[in-house]
Amino acid sequence: MANEYGMPPVLQESLQIKSLLGLSLEELMNIRIDAPLASLTKTSQRLTPAAITTITKQQIENSGARSLNELLEIYVPNLQMMRHHWEISHLGLRGILNDREEKYLLLVNGRVMNEHTHYGVISERDLSMLGDIRHIDIVRGSGSAIHGAGAVSMVISIETESGLSFEGTEMIARAGVIDEFYGIELKHGKKLTEDSGYFIYLGLDKYVGADQHDAPYVLGTSYTDFWGNTVAGQQAYTQYSINRDGAAWRDKPRIKLHTEYTHGSLSLWMRYTRGGQQYVTDPSSTARWPYGWLDDWAVDTYPNYESFEQPGSGYQQLTLLSEYKQHISDIFSIDYTLSYDLTDYERADFSSELDNWTLNHREDELLAKVTAHWQLNDKHHIAMGVAWSHEWFGKNNLGFPDDSQAVLSPWVQPPYSGDSPEWSTNTYSLLAEHQWQFSADWTLFYGGRIDKNDNTELLYSPRAAFIYTPNDKDTWKLMYSESVRMTFAEERQWTFEQTGEKSDPEELKSLELRYEAQHDSALFWAVSTYYQDLDLISWDSGEYGVDFDAGTRSIGNLTQTGIELELAYHTEQTQITFSHAYHKLLDFNLSPDTNTALTAEPYGYGNQLAVWSSHISKLTGSYHLSPRWQLDGSARIYWGFDGAQAFSDYNNAQNTPYNRDPENDDPYGASIFVNLGIQHQLNDRLKLRLDAYNVLGWVDKTYNKRLFGFNSYGDYRAHAPALAATLRWQF
């Protein structure tokens, strides 16, 4: 339910109702909108019990975004992206950001696309092809009560086009320079009858990326590597050749294929994606043990660092889904879903010739779900559902067909050393929600979900929300939820095999108060404040140089709070969005005999997260100069990383050989990413767009720096200022 200018949900609803003036007041008041993202029961957008950001098809086009990561960072308040030396870049929300993408869910047409073995959300995020997307909704906050284990920090829901929403044929051709890429997208949709149609989409890109000159990698200080060479810090890294920033995994073309057929209550779709990225290894890759990874074997195996391959991760994913909505009566309906998903993941660190540094695996999932909706009357609406998932792990990998299955490097225990076994698990789920409008001004949502995996005990995710609407302009929402996350399948299976015990989940308790104001048809603003209590499962670095007891485990409890302000102004000619978020770590109680790189607060250094900017501001604007000309722009400002600097100070006190120079505070200052765009409608069928990315980098590249998280080296890599052109042709 989004208009072409990408208005906030409440503003969208206001304008949509204006087009229904032929209905009586009573009919208008009883309108309900299907809102399955944040509730099981049907409700109006205004009453949705969550803070939701909607990114429309038009906003995607106006952003010029070259990936889902970039798109989300532009529009979603209090969302942050951070680099990582050992995986592709990570997304976080409201201070919850980890070394793997396991604390949120990514959905396509309601289907969870997360990889469950080792990584989390690996697919979709890196692809530059976004033309199949109709809109994206992001629940800012926990969502396990609706979508299941893993929805701790947020839920990202992609809705694709269908034959009922897109008719005709369109080609999109894109090319970028400096940050070099080439892409083409073809889509065709046809409406066969009033309630049936089909949609076909194919997208391909070749992402070459940006070189060291335009996207410099900068170390925090100088140090001597294993081979006796001096690696210079506080300047662009030139000692050895490194990969191009953003380069595709294996330098292969990336693919997205989506087909869908709708016939009345039946929907069938298939989706295939292949992608991945390379990333820069960290200084420990060239330092001698115990501070680095290399020992004497490196001299004989690799007499020169140039023979090392740069690390990267790749994936391919195939999803098949059928859905049927059975309308039994005006007050009762049942939804049926049956789906199959295959995810293939591979990763290489240093050299794929060494089994020690190659990780690869495949997982398959069969999913069945049934949800019933019952509207007793105008005041009571009930939804209940059951789901079953069967997953197979350890099957032959499709990306490395000649390699044995190594779920994790044998250098890191647990779980498996060398070959991985094959195993399977079942997950059973029960979910329910009751929506009760107990007065003209008050609505109550309450319910929850129970999940049970073979290797866990019962997992509970309750939720309750009070919605107060004293008039037609103001909305108050008080929301409490508890979310859970199962550990990865490799860890659950290892724990069960070694100890016979079932794995404990990660648990989040969250309380949020939100106010929304719709004071005219053009202006919408909102304020949210939240409190989170998280029993955290994360990477424990162990005692390097002592016993190397590293692994993922429960490391403690953190409490944190924050506030978010957002504003949207939309007219026929001008569209503006603005947000500012402040986040504060309250306490971090570290478990005994564990370590963390998320904050140095337990060690007595600072009182903020090391992987988070306490203040984040975002601004987007679109201005129609004329019916054929449009200007667009966006700015993302991270105001500083005090927590990362505090962790670096702590690391310096440990006296490792590649510490940050204590006088070098440059890595922890503000990062500012500014994009500008202009588009021209050449004729009724042809549109040309030009975009400039990270433009402040042409003044000073340090404006565009992006810190590497989960270490303490003070190193970063700047995003390249770049240009791109997009041609859209409808025929």
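I started at Asn78, which is buried (under 20% relative accessible area, where over 50% is exposed and in between is partly exposed, with a 1.4 Å probe and protein chains only). Asn78 has a relative accessible area of 2%.

A note on the model: it is predicted, local features need pLDDT of at least 70, side-chain atom pairs count only at pLDDT 80 or more, and totals for chains, interfaces and linings use all residues. Residues are numbered from 1 along each chain as its sequence is written, and side-chain values use heavy atoms, leaving out hydrogens and water.

Back to Asn78: I found this residue in the loop between helix H4 (68–75) and strand E2 (79–82). Helices (H or I, at least four residues) and strands (E, at least two) are DSSP runs, numbered from the N terminus. The phi of Asn78 is near 60 degrees, a positive value in a residue other than glycine. Most residues other than glycine have a negative phi.

Next I looked up Asp251, whose phi is also positive, near 60 degrees. Asp251 sits in the loop between strand E13 (230–231) and strand E14 (254–263), and is partly exposed at 44% relative accessible area.

Then I turned to Asp504, in the loop between helix H7 (489–499) and strand E24 (506–518). Asp504 is exposed, with a relative accessible area of 60%.

Last, I checked the whole chain. I noted 8 helices and 34 strands, and buried residues make up 59% of the 731 residues. Of the contacts (heavy atoms within 4.5 Å) between residues at least 6 apart in sequence, 67% join residues at least 24 apart.
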